[in-house]
Amino acid sequence: MTAVAATAPAVIVDRAAIRRQRILGVAYLVMGAVVAYFLTSNIKTDATSTFVLKPAGSQGGLDIPSLVVPSMLTVYLAAGICAGFGAIQLIRGFGTRWSVVLAVVAVAFVFAFLTWAAAGKSVSLIGILQLTVQKALPITFGALSGVLCERSGVVNIAIEGMLLSGAFTGAVVGSATGNNIVGLVAAALVGGALAGLLAVLAIRYRMNQIVAGTVINIFASGLTSFVAARVLQTHRELNEPEKFSSLPIPVLSDIPIVGPMFFSGNMFMYLLFVLIGLIHYGLFYTRWGLRVRAVGEHPRAADTVGINVILTRYRNVILGGVVAGIGGAYFTLGSTGSFVHDMTGGRGFIGLAAMIFGGWTPIGGFLASLIFGFADSLQARLSILAVAVPSEFLLMAPYLVTIIVVAGLVGRVRMPAADGTPYEKE
Amino acid sequence: MAEPLPGPAPAEGSTRGTVPDGPTLAARLGTTARGLAVPILAIFSALVIGAVVIVLSDVTFFERLQSDPGAALGAAVGEVLRAYRELFTGALGSPTDYVDAFTSGDPDLIRKAFVPISETLLAATPLIFTGLAVALGFQCGLFNIGAEGQLYVGAMFGTFAGFAFAGLPWFVHIPLAVGAGFLGGALWGFVPGLLKARTGAHEVIVTIMLNYTAYNLISWILKVPGYQREGRSDPISKVALDSSWYPPLVEGLRANWGFVLGLVAAIAVSWLLFRSTRGFEFRAVGFNPTAARYAGMSIATSTILAMTISGGLAGLAGTSIVLGVTHSLTFGISSGFGFDGIAIALMAASRPRGIILASLLFGALRAGATPMQSLTGVPIDLVVVIQALVIMFVAAPALVREIYRIRVPETTGLETFSQGWRA
């Protein structure tokens, strides 16, 4: 018996892994075929695609030349990359480097698409990238909120409601006091208060956490719309907060491409980077983080060694609410400048997806948010370009990719083991 | 191993209190009363908090409170009562209208007096379907948060069947369009069911993502020539032929046979869940998957089938709108019916009979909200706040118990469905 058990792992082939490898390989080949067939149609053979890399409004600084590529050749090259990797993937696979290859193929595919859309025209690539980061900001705040809650074992599906109430509070308090920092703090507090409600319902009353989150979402949507219709319609002065102005960081913002993307935003952007760093460091390198993860993975064991499970969960959920409240304030104080009902438009749910996509880590959540942000940004730009492809299918892509990731068809993400399970002391 | 496994039937039946011929009539009435205590107290508490919201959101209230507190409070109470009265008469009609109409004997007046009730039935119709959809999922341990997307895909299929087949008699065309709607929703429910059964992907995430996929799908198809109405540049579909419309219950009122179909669906779901072998397996899987597997049931089959039927029911909600009210597909045919379905299923503890009652309640709130807004200026969204509070109180019976210091059942029968993201 022992001999069999010892040799078994070597004999057993991970059938799921093989299936994943095949699915990926076929997917790459299909992508290559799509690129070669569809994205070469109606391109003139001598057309070039121009990608502007210098931000539109910028004066002075370095003069960054535009990137000009021959359209046809580039598209065929991208198709070759997709198909080539697909063939290798099918034949022998890439082992642990599959994620790098996936990224390369995805970039090739998207670049081919952009080249096709820009054939014979000029597209501000830097504009798309800048908008990507801006669109990704609130999604990342949502993902961070989710990471904080779920690492301690509480499912937070109420991110959407917290974003929405943060947006509302930021606008109203920011306008009423005439001070946008007060508005931001108030938004954070309201996010924390809603999270407190979630925590009480989920932890104290042991309500199903998904139901509790759904209730908070409906409640936040109803209450903000109600007050907006009843008060803000007539008192418009309560919905005109001062926006946070952009603060380019002196030297860093001059770096080509990266500078305009990451170092020319407003306060929210830098706050987000600080939060990502803090939460990453806190969760994985401090005693606090170890305890939080212990509570999320095995609350009974954590309790046995003297960690207060209930307190840890309350603290983390409320912290998560504060982060989501700040993220919500971005919609009004950082982006549009006034509150419109249901203005978050499901970004909280996307944040949830980004958190899962990113494997319950802050940095992963941010990278996943960038993908969703890119899709958002592309939609905004494609309508300007009047591209013939139905942009809806492009917009579906991030959601479908999330489904594929959750289904474990490509790689596997691992959630905290005790996520969503109420804890009862024995 | 040779002896047959004892099925979980007796335990299952008794814990759910569905044994028809056990306790005495008095005991059953007592159970019913206690079962109703939580929903009634929940509605009451929600209305009270709603009143507070109305008062606090009145900007002038605080100014008057400083100058003349008594008058300010009186005016506030008056405003709340006026809003709730309009909500009530907007949903059920006003007694004076009924009396006037019947004393005059004018059929037009009588019909007009019944308009509020007709509107309530109309608003309740899609809610019955989405409530049943979510409840069927709950019974099998699945949280179908995607009823909204399934509704849209069902409406998309139903509308297509409605305008694409000309010259059919109504008794062929209506079933065809309704069946197409069921098919569309079922397709959108089958995917998360299959993924859950085969890969363990959590249905909450998959259905949320499929909601957004459905919105984009609708956005696309409403621009496709042949689906989009000729001569229109805005996203709107062709008009479904009138042979596919649900006929009105009473000529001149908007309530239609879609409502009756909703009642039939409730009976069918009730039979499926509580009388059929398949439904027994659904509930067994939802109640205790491990026990169900040991009893030889297939969790995968139940999961896939339950999600598919659930999606189909949500698709029928879509047809009840496009074949019953709008007669064409646009964005915004569903103002959150899918999400209200969650509230309704929770409130009804996933029982079909309760779902009809809860749908009528939510339908009444929706129907009354519009006249309330136009007559008293209290925004429609108050109803959403009230709904959220109702679910909160219903889903946390311990909360009601603490507030009112009464004995209510420990559970509302909702604790069986899945915990967390795990498969």
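A crossing is left-handed if the near helix is turned anticlockwise from the far one by less than a right angle, and right-handed if clockwise. I wanted that at hand before opening the helix pairs.

**Ground rules.** I am working with a predicted model, where local features need pLDDT of at least 70, side-chain atom pairs count only at pLDDT 80 or more, and totals for chains, interfaces and linings use all residues. Residues are numbered from 1 along each chain as its sequence is written, while chains are lettered from A and ligands numbered from 1 in the order in which they are written.

**Chain B overall.** I found 18 helices and zero strands in chain B; helices (H or I, at least four residues) and strands (E, at least two) are DSSP runs, numbered from the N terminus. Of its 423 residues, 50% count as buried, meaning 20 or more other C-beta atoms within 10 Å of a residue's own, with exposed at 12 or fewer, partly exposed in between, and C-beta atoms placed from the backbone. I also looked at contacts (C-beta atoms, placed from the backbone, within 7 Å). Among those in chain B between residues at least 6 apart in sequence, 75% join residues at least 24 apart.

**α11(B) and α14(B).** Next I took helix α11 (residues 257-275) and helix α14 (residues 299-326) of chain B, whose axes come within 10 Å and cross at roughly 165°. Axes here are lines fitted to C-alpha atoms, for helices over the stretch in contact, and angles run from 0 to 180 degrees between N-to-C directions. The two helices are therefore roughly antiparallel to each other; the cut-offs are under 35 degrees for roughly parallel, over 145 for roughly antiparallel, 65 to 115 for roughly perpendicular, and oblique for the rest. α11(B) passes α14(B) in a right-handed crossing. On the α11(B) side I noted B:G258, B:G262 and B:A265, which meet B:L313, B:L316, B:S320, B:L323 and B:G324 of α14(B). I sorted the contact residues into four nonpolar, four polar and no charged, with Ala, Val, Leu, Ile, Met, Phe, Trp, Tyr, Cys and Pro as nonpolar, Asp, Glu, Lys and Arg as charged, and the others, Gly among them, as polar.

**α8(B) and α9(B).** The axes of helix α8 (residues 147-164) of chain B and α9(B) come within 7 Å and cross at roughly 150°. This crossing, too, I logged as right-handed. The contact residues divide into 15 nonpolar, nine polar and no charged.

**Where the chains meet.** I counted 39 residues from chain B and 41 residues from chain A in the contact. Which helix of chain B gives the largest share of the side that touches chain A? It is α10(B), with 11 residues. That side of chain B divides into 29 nonpolar, nine polar and one charged.

**A:S152.** I then turned to chain A, where A:S152 sits in the loop between α5 (125-151) and α6 (159-177). Why does A:S152 count as buried? Because it has 30 C-beta neighbours inside 10 Å. Leaving aside neighbours within four places in sequence, A:S152 is in contact with A:V292, A:V295, A:G296, A:T312, A:R313 and A:N316.

How values were computed. Two residues are in contact if their C-beta atoms, placed from the backbone, lie within 7 Å.
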